[in-house]
Amino acid sequence: MKVPILKQGPYLIASVQSALTDEDLVQLRDDLAQMVGRHHSRGVVIDVTALDVMDSFAARTLRSMAATIKLKGAHAIIVGIQPEVAFAMVQLGLSLAGVSTALDLEDGLTLLSKQLQENQDGG
Amino acid sequence: MGGNGTSAPVMSGNEIVINIKSDVDVVIARQEGRRLATDLGFNGGDVTLIATAISEVARNIVNYAGHGEIILSIVEESNKKGISITARDNGPGIPDIALAMQDGYSSSKGLGLGLPGSKRIVDEFEITSEVGKGTTIRMKKWKRPVVTSRSWV
């Protein structure tokens, strides 16, 4: 199932609605990279609240997704990792090292606007 | 029936057999595992661990063997109950199991955490593999006993 991506001002919001196959995840990564370029987005929030399993492939793809988005000049934040999923990831030895995370969509957007503000103040 | 060639899980005796040919089947297998584990009364954390372990071994089938099957069943031993997960394929086999079980080792795409990670999150893990013949992984996870002393009544 394709993940819908919404444009909200300088941000993109990708909201995962159901279980994703490997192909769906790779598709999401490619779609986001394209849309960041097309809309000159400054930040991307990927909401994974609906994901009930995060295995090694999903973790690896999310990492490469965040890295790709960063190379396109935007910042990616993963939000909504369920407590059971977080626990399973730790047990499995999976980390999202180098990827920003936040509790939920609201926190994710707050974090992004803070970063945007800091960047503007700094430069 | 579907154009993508996936087949519905088959119930045979006490076993649920899921044919694994593509990444769609990986999702089906872990959803079946989640359902069975939930029916057995596993808690939410354990259900997620079971689904994750199934996802890892099912993906290994797709990545290395192309096709194979996942067999799920309920197991009972003395006074404990649990879920048994078998992943079987007739693929190329694993030449060096010790190496494949090392954290961070991967011969294809992945983090190299699939097998060692799965082993960590189940209670019993057994792998047999023969080069040119295939690989079988058997995993079991037991339901944790209910702690009656914590009961409110």
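B:Thr52 touches A:Val53, A:Asp55, A:Ala88, A:Leu92 and B:Ile121, leaving aside residues up to four places away in sequence. The model is a predicted one. B:Thr52 sits in helix α2 of chain B. Is B:Thr52 buried or exposed? B:Thr52 is buried, because 30 other C-beta atoms lie within 10 Å, and a residue counts as buried at 20 or more. Another residue gives a sense of distance along the chain and through space. B:Thr52 and B:Ile137 are 85 residues apart in sequence. Their C-alpha atoms are 15 Å apart in space.

**Where the chains meet**

How many residues does each chain bring to the contact? Chain A gives 19 residues and chain B gives 23 residues. On the chain A side, α1 (22-39), α2 (56-71) and α3 (83-92) each supply at least two residues. The largest share, six residues, comes from α3(A). By class, the chain A side holds nine nonpolar, four polar and six charged residues.

The table sets them side by side.

| Helix pair | Axes come within | Crossing angle |
|---|---|---|
| α2 (residues 44-65) and α4 (residues 114-121) of chain B | 9 Å | roughly 150 degrees |
| α1(A) and α2(A) | 10 Å | roughly 10 degrees |

Start with chain B. Angles over 145 degrees count as roughly antiparallel, so α2(B) and α4(B) are roughly antiparallel to each other. Their crossing is left-handed. Which residues of α2(B) meet α4(B)? They are B:Leu49, B:Thr52, B:Ala53, B:Glu56, B:Val57, B:Arg59 and B:Asn60.

Now chain A. Angles under 35 degrees count as roughly parallel, so α1(A) and α2(A) are roughly parallel to each other. From α1(A), the residues in contact are A:Asp22, A:Leu25, A:Val26, A:Leu28, A:Arg29, A:Leu32, A:Ala33 and A:Val36. They meet A:Phe57, A:Ala58, A:Thr61, A:Ser64, A:Met65, A:Thr68 and A:Ile69 in α2(A). By class, this contact divides into ten nonpolar, three polar and two charged residues.

**Strands of chain A**

Strand β1 (residues 5-8) and strand β2 (residues 11-15) of chain A run antiparallel, joined by four bridges. A:Lys7 stands opposite A:Leu12 in β2(A). The hairpin of β1(A) and β2(A) has two residues between the strands. There, A:Gly9 takes a positive phi near 55 degrees.

Strand β2(A) also pairs with strand β3 (residues 43-47) of chain A. Do these strands run parallel or antiparallel? They run parallel, and five bridges join them. One pairing to find in the structure is A:Ala14 with its bridge partner A:Ile46 in β3(A). In a regular strand, side chains alternate between the two faces of the sheet.

**Chain B as a whole**

Chain B has four helices and six strands. Along the sequence, the pattern reads β-β-α-α-β-β-α-α-β-β. Of the 153 residues in chain B, 37% are buried. Take the contacts in chain B between residues at least 6 apart in sequence: 56% of them join residues at least 24 apart.

Conventions. Residues are numbered from 1 along each chain as its sequence is written. Chains are lettered from A and ligands numbered from 1 in the order in which they are written. This is a predicted model: local features need pLDDT of at least 70, side-chain atom pairs count only at pLDDT 80 or more; totals for chains, interfaces and linings use all residues. Axes are lines fitted to C-alpha atoms, for helices over the stretch in contact, and angles run from 0 to 180 degrees between N-to-C directions. Angles under 35 degrees count as roughly parallel, over 145 as roughly antiparallel, 65 to 115 as roughly perpendicular and the rest as oblique. A crossing is left-handed if the near helix is turned anticlockwise from the far one by less than a right angle, and right-handed if clockwise. Two residues are in contact if their C-beta atoms, placed from the backbone, lie within 7 Å. Ala, Val, Leu, Ile, Met, Phe, Trp, Tyr, Cys and Pro count as nonpolar, Asp, Glu, Lys and Arg as charged, and the others, Gly among them, as polar. A residue is buried if 20 or more other C-beta atoms lie within 10 Å of its own, exposed if 12 or fewer, and partly exposed in between; C-beta atoms are placed from the backbone. Two strands pair if DSSP finds at least two bridges between them.
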